[in-house]
Amino acid sequence: MSELPTPDSTEFNNLVRGKSERGIYRVLYEHRGQALTMAEIRQTMGLEAGEQEHLNRRMRELYRVFIVERTRRGTETLYQLVGKRDHVLNTDGISMKVRALILKDQRCAQCGRTPMEDHVKLHVDHKIPQEWGGTNDPDNLQPLCSDCNEGKRNFYATYDEYADKIKEAANYDEPHRRIGELLKAFKGEFVRPDLIEIVANSKQYQDDWQKRLRELRTLGWVIDVDKRKEGKRFVAYYAAKHFEPWPNGSIRSEITRLEVLRKPKK
Ligand SMILES: [Zn+2]
């Protein structure tokens, strides 16, 4: 363990780039002998309650560089800054072996450019971001060049406020379930279609996610559509007003079975 840098030092500013991370660190540093709840940290920073989820994620960033002791008090987690790590942890915690496996084709999974021909640098990307519950499992990893990686990161950042709801939905294997769980997470509120699309595609690309969504009705779900004017076009928002428990076996086969039953007999 190394000594803690002061919040204004150059050493600290080189280690921690994010504004929120720096703010959290300052509070923890100034209360070194104490364990604080996230609400206390937030209040000391002068932030609203709505910022809490954001702070939780930023706190996890600090763990890479610092040792923060976590203890429980009832339902609350308390945080106390203990020290600085001797070695900054890798952001992703992916082993060299897995990294080599993912990068072995030496080609960006999105634009197809290669280090040899196009002089791009390849990164190991999480298909479902870790903030959304994506794992380090090789199935969730892909090679992306710096441009594609950056583009994806910026695009996904616009959905950050929904991270916790996405997390509840994005990791199921079946597309119907991912879509359904996302709608459930919004508790009957209308959901932006681009967000549904991201979650529908999170594990494997869907040719027609709208169809998957409509098929939930076959299972007895009540899904409302609200066409909203955005700029010059109408955009369909969806809300689950009623949902049914998931079938025990495959959702796909249950839908097919019900569709066959409902077909009028000749
Ligand atoms: Zn690329």
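The largest nonpolar core of the protein chain has 19 residues, and those with the most contacts inside this core are Ile179, Leu182, Ile196 and Val199. A nonpolar core is here a set of buried Ala, Val, Leu, Ile, Met, Phe, Trp, Tyr and Cys residues joined through C-beta atoms within 7 Å. A residue counts as buried if 20 or more other C-beta atoms lie within 10 Å of its own, as exposed if 12 or fewer do, and as partly exposed in between, with C-beta atoms placed from the backbone. At least two residues of this core are supplied by each of helix H8 (163-169), helix H9 (175-185), helix H10 (193-201), helix H11 (209-215) and strand E7 (233-242). The most is given by H10, with four residues. Leu182 touches Lys165, Ala169, Val191, Ile196 and Val199, residues up to four places away in sequence not being counted; contact requires C-beta atoms, placed from the backbone, within 7 Å. A second, separate core comprises ten residues, including Val16, Ile24, Tyr25 and Met59.

The structure is a predicted model, in which local features need pLDDT of at least 70 and side-chain atom pairs count only at pLDDT 80 or more, whereas totals for chains, interfaces and linings use all residues. Residues are numbered from 1 along each chain as its sequence is written.

The protein chain contains twelve helices and seven strands, assigned as DSSP runs (helices H or I, at least four residues; strands E, at least two) and numbered from the N terminus. The C-alpha trace spans about 80 × 55 × 45 Å along its principal axes. Of the 266 residues of the chain, 20% count as buried. Among contacts between residues at least 6 apart in sequence, 54% join residues at least 24 apart.

The chain is divided into domain 1 (10-84), domain 2 (96-157) and domain 3 (161-262), with bounds taken from an automatic or database domain assignment. A distance of 29 Å separates the C-alpha centres of domain 1 and domain 2.

Three strands form an open sheet in the order E1-E3-E2, with antiparallel pairing. Strand E1 (36-37) and strand E2 (66-73) stand at the edges, each with a single partner strand, so one side of each is left without a neighbour in the sheet. Pairing is assigned where DSSP finds at least two bridges between two strands. E2 and strand E3 (residues 76-84) pair in the antiparallel sense over eight bridges, and Arg72 stands opposite Thr77 in E3.

Strand E4 (residues 122-126) and strand E5 also run antiparallel and are joined by five bridges. In this pair, His126 stands opposite Leu141 in E5. Strand E5 (residues 141-145) is mostly covered, four of its five residues being buried.

Backbone geometry was also examined in two loops. Most residues other than glycine have a negative phi. Gln106, although not a glycine, has a positive phi of about 50°. This residue lies in the loop between helix H5 (96-102) and helix H6 (115-118). Gln106 is exposed, with 12 other C-beta atoms within 10 Å. Lys187 likewise has a positive phi of about 50° without being a glycine, and is found in the loop between H9 and H10. Lys187 is exposed, with 9 other C-beta atoms within 10 Å.

Definitions and conventions
Two residues are in contact if their C-beta atoms, placed from the backbone, lie within 7 Å.
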